[in-house]
Amino acid sequence: MASLGLALHGVRKSFDKVVALDGASLAVRHGSIHALLGENGAGKTTLMRIAFGMIRPDSGTIRINDRLVSFSSPADAIAAGIGMVHQQFALIPEMTIGENVALGGNGRYDNQQTVKRLAYLAEKMGMRINPLSKVKELSASERQKVEIIRTFAHDATTLILDEPTAVLTPRDIGDLFGQLRAFATNGGCVVLITHKLHDALEHADEVTVLRKGRAVLNALTRDVTQSTLANAMLGQIQIGTTPLSRPKPSPSINVLQLRNVLLRDRRGIGQSNRVSIDIRRGEIVGVAALEGAARSLLRLMAGRIEPTPGDIVRPASIGFVPEDREQEAVISDFTLTENFALRNSARRSGRIDWSNFRHRTEEIIEEYDVRTPGPNVRMSGLSGGNQQKFVLGRELAYNPDLLILENPTQGLDVNAAAVIHEKLRSVSLLGTAVVYYSSDLDELAALSDRVIVVTDGAIVETRPDRTIIGQSLLATIRT
């Protein structure tokens, strides 16, 4: 059996009163893809951030090629051959792709050499990128590709990927796993943090499951099933994605109207077609799209950008849950109560009623099953899934007429996703119109009353059926 490339043993880590890791261990072999599974808050990302030098453990050991190491920064980990692709992108939007890739390197920055290096790697990996493009101009899937190519540019021998497929198209996902398998075949180590059990079973050689900060299962993937993994992750399975019987919304009550709106990409360039659409009270509308094509539409609806040209009529109260939570929805160093107070802060005046905000934060923690000791914990102490549940709870606390969400269950485990699905169903029955983009076709089919397929500024409405949605996406590619 191949030797170990990365091994963590007995790792413990606490943040304030939150125990993130309680003696967790992981062993990854050369030439293998190792899936790391677990519920939101199980400690997966924390363990890998320790391996990458971002966090110092309270206790425990790290070994690289059976050599005991200690990292004080990511630069130490990169020098030791470890690269990490984060779930929340670690890129600087105002810098170019080439400049972002060069970060973490050594010596003087040479733009010409960086461009040549990236061109070589992109061709080798089958990716199309322009090293001179600014990151802020890229879609979420394009940013993910930049994160991945950056690890290869730094000559990593161990790759850690945190939910790498969450924002990728099916074709991109196939390409990614082909690249990871080739990397492993050449002796590299891959750690794949994922909630997608089928990805783990199909592509990984071994799997480790964390629960409440401890490793509760380690096995060859050929020896386990989805049921085995789910029970190890959750203890009990609570799946909430089965469509509910719900009354159809009245077609006569519109909460939002778009007329002859020109959708634009991230660079402000108008697309080829103008779109018109009505969103009705109490309906759930799913949006399917490729390469971030839904961003302009959803942000027009949410009031984050204005139509030029075109007309839009919005309701008075709109909730918005953005895809990039850390950049646009929360402040990591603020407490949960302080983050709750951010909502509508620009419209308030006078003295802040902290007692009321704290009470309402406690209600969100209880109602949305946010795993935290209390409202005074910093947002950075919560897992991504618990942050997402909190942000949704904050937006719904103001009873919006329209709720807009970008990939609301991206990177969430089955229980966290189920909580969000049930809340969206519940508020729609009370009259809130819900519009959400999802990269998961199964989610679109299970949750939506109708689905809008968007690409290159064109809109096609279809039934919430996975096959039909997929065919509509393929048709837009061909045209």
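**A cavity and a helix pair**

Reader: What is the volume of the largest cavity?
Author: The model is predicted, with pLDDT of at least 70 needed for local features and 80 or more for side-chain atom pairs, while totals for chains, interfaces and linings use all residues. Numbering starts from 1 along each chain as its sequence is written, and side-chain values use heavy atoms, without hydrogens or water. A cavity is a set of points on a 1 Å grid over the protein atoms alone where a 1.4 Å probe fits but cannot get out. Counting the space filled by probe spheres on its points, the largest cavity has a volume of about 70 Å³.

Reader: Happy to look inside! Which lining residues are closest to the centre of the largest cavity?
Author: Eleven residues line this cavity, each with an atom within 4 Å of a point. They divide into three nonpolar, six polar and two charged. Closest to the centre are Glu-323, Arg-325, Gln-388, Asn-407 and Gln-410.

Reader: Which residues of α14 does α13 meet?
Author: On the α13 side, Gln-388, Lys-389, Leu-392 and Leu-396 take part, with contact meaning heavy atoms within 4.5 Å. The contact residues comprise seven nonpolar, one polar and two charged. The α14 partners are Ala-416, Val-419, Ile-420, Lys-423, Leu-424 and Val-427.

Reader: At what angle do α13 and α14 pack?
Author: Helix α13 covers residues 384–396 and α14 residues 414–429, with axes 10 Å apart. They count as roughly parallel (under 35 degrees), and the angle is about 15°.

Technical notes: Axes are lines fitted to C-alpha atoms, for helices over the stretch in contact, and angles run from 0 to 180 degrees between N-to-C directions. Helices (H or I, at least four residues) and strands (E, at least two) are DSSP runs, numbered from the N terminus. Angles under 35 degrees count as roughly parallel, over 145 as roughly antiparallel, 65 to 115 as roughly perpendicular and the rest as oblique. Ala, Val, Leu, Ile, Met, Phe, Trp, Tyr, Cys and Pro count as nonpolar, Asp, Glu, Lys and Arg as charged, and the others, Gly among them, as polar. On a 1 Å grid over the protein atoms alone, a cavity is a set of points where a 1.4 Å probe fits but cannot get out, and a pocket is an open set with protein on both sides within 12 Å along at least five of seven lines; lining residues have an atom within 4 Å of a point.
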